[in-house]
Amino acid sequence: MKDPRRIIIDTDPGIDDALAIAIALKNPQLDVRLISTVAGNVPVSQTTENALKLVEFFGADVPVARGCEQPLFRVLECSTYVHGKDGMGGFEFPVPVSKPIEKHSIIAMRDEIMSTEEKTTIVAIGIETNVAILLKMYPEVKERIEEIVIMGGSMIGGNVTSSAEFNFYNDPHAAEIVFRSGVPITMLGLDVTNYGRLYTGTNEKLKKSGREGQMFSAILEKYVAGTLETGLPVHDVCTVAYLLKPELFETDMKHVMVQTEGPAAGATVFHRRPEMVEGEPNVKVCTGVDEPAFEEWVVSQLCGEC
Ligand code: BDR
Ligand code: CA
């Protein structure tokens, strides 16, 4: 087996974040070095508490660092209407005994990335604020980042406005900074992650598969991003699926820009005429997912005992 891939997860748990974190912690091909939290689905005090709850629930030994409270310029609009007031659909996890580390997550990310010559991948499944500031404050990290794999944006319409997806809607300026950083970026936008779905059958399997499966099932049943009957999109899970099983996705290199102001703020726009744009395309965009194979793979990751 290859050496596991070093990753940092920047996240705002969040029910779909929780599933992505669970898969990353459980899969031996990933070495999760740090969980960095950011405000998003709920305020950062709550996303940090949720990250600690998840790490303890899975018995993992991974530091959690607390990050930014607000986007760069906009005022955060949380999505408790999707993830519940506590971001975890009200599931009663034990109160965490551990604390976040003392460093701000931007410093913690920098230290972790610079601690070895080996490259680190950032899995960014919340707003891009921490990652954008990291790249601006410590540009030396760029050479040591293998890739930033992002859940955010959309090539055909949003889930907050008709143009903008939640993570990019909340901090479009940060997303634009990341896209222009020169670091290799893979984008899993809403138009693809909307088809990274789980259905009732999977939920039934999870329910019967012990303590972890019961927790996954309980939070999925409270997740208002769709329904299990018609398919519940677990957006953030697509990032770890892409890392662990890239053949599930189709990709294409594109020139992508982020609209930062105005009524379409947070929209991602790609140029259809690459020959008219100077320089290389800046983003590997996922353009499709094998929906049945994705669900089957998620089941294999989340419920070993099913
Ligand atoms: C994204 O927004 C959040 O609510 C989810 O956790 C995901 O990261 C989907 O638009
Ligand atoms: Ca998220």
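A residue is called buried when its relative accessible area is under 20%. By that criterion, T129, N130, V131, A132, L134 and L135 of helix α5, which covers residues 129-137, are buried. The structure discussed here is a predicted model. Its protein chain contains 12 helices and 12 strands. The radius of gyration is 18 Å, close to the 19 Å that the globule rule gives for 306 residues, so the chain is as compact as a globular protein of that length.

**The chain as a whole**

- Along the principal axes, the C-alpha atoms of the protein chain fill a box of roughly 55 × 45 × 40 Å.
- Of the 306 residues in the protein chain, 57% are buried.
- Among contacts in the protein chain with a separation of 6 or more, 81% are between residues 24 or more positions apart.
- The protein chain has an accessible surface of about 13,000 Å², and carbon and sulfur atoms account for 50% of that surface.
- The side chains of the protein chain include 28 positive and 44 negative ones, and the centres of these two sets lie 1 Å apart.

- An α-helix has 3.6 residues a turn, so residues three or four places apart point the same way.

**S154, a buried loop residue**

- S154 is placed in the loop between β5 (145-151) and α6 (166-170).
- The relative accessible area of S154 is 3%, and because buried means under 20%, S154 counts as buried.
- The side chain of S154 reaches the backbone oxygen of G157 at 2.5 Å.
- Leaving aside residues up to four places away in sequence, S154 touches E165, M187, G189, L190, D191 and T268.

**L244, a buried helix residue**

- L244 belongs to helix α11, which spans residues 237-244.
- With a relative accessibility of 14%, L244 is buried, because the limit for that class is under 20%.
- Although L244 and Q29 are 215 residues apart in sequence, their C-alpha atoms are 7.5 Å apart in space.
- Q29 is also one of the residues that L244 touches; the others are I23, N27, L30, W297 and Q301, not counting residues up to four places away in sequence.

**Q259, a partly exposed loop residue**

- Q259 is found in the loop between β10 (256-258) and β11 (268-270).
- The relative accessible area of Q259 is 36%, so Q259 is partly exposed, a class that lies between the limits of 20% and 50%.
- The side chain of Q259 reaches the backbone oxygen of E261 at 3.1 Å.
- Apart from residues up to four places away in sequence, Q259 touches P172, A264, A265, G266 and A267.
- Q259 and L220 are 39 residues apart along the chain, and their C-alpha atoms are separated by 32 Å.

**A cis peptide bond**

- P13 and G14 are joined by a cis peptide bond, with omega about -10°.
- G14 lies in the loop between β1 and α1 (15-26).

Methods. Residues are numbered from 1 along each chain as its sequence is written. Chains are lettered from A and ligands numbered from 1 in the order in which they are written. This is a predicted model: local features need pLDDT of at least 70, side-chain atom pairs count only at pLDDT 80 or more; totals for chains, interfaces and linings use all residues. Side-chain values use heavy atoms; hydrogens and water are left out. Helices (H or I, at least four residues) and strands (E, at least two) are DSSP runs, numbered from the N terminus. The radius of gyration is taken over C-alpha atoms; the globule rule is 2.2 Å times the number of residues to the power 0.38. Buried means under 20% relative accessible area, exposed over 50%, partly exposed in between (1.4 Å probe, protein chains only). Contact means heavy atoms within 4.5 Å. Accessible areas come from the Shrake-Rupley method with a 1.4 Å probe; for residues, only the protein chains shown count as cover. Lys and Arg count as positive and Asp and Glu as negative; His and the chain ends are not counted. The place of a charge is taken as NZ of Lys, CZ of Arg, CG of Asp or CD of Glu. A polar contact is a pair of N or O atoms within 3.5 Å; within protein, one must be able to donate a hydrogen and the other to accept it, and residues adjacent in sequence count only if both atoms are side-chain atoms.
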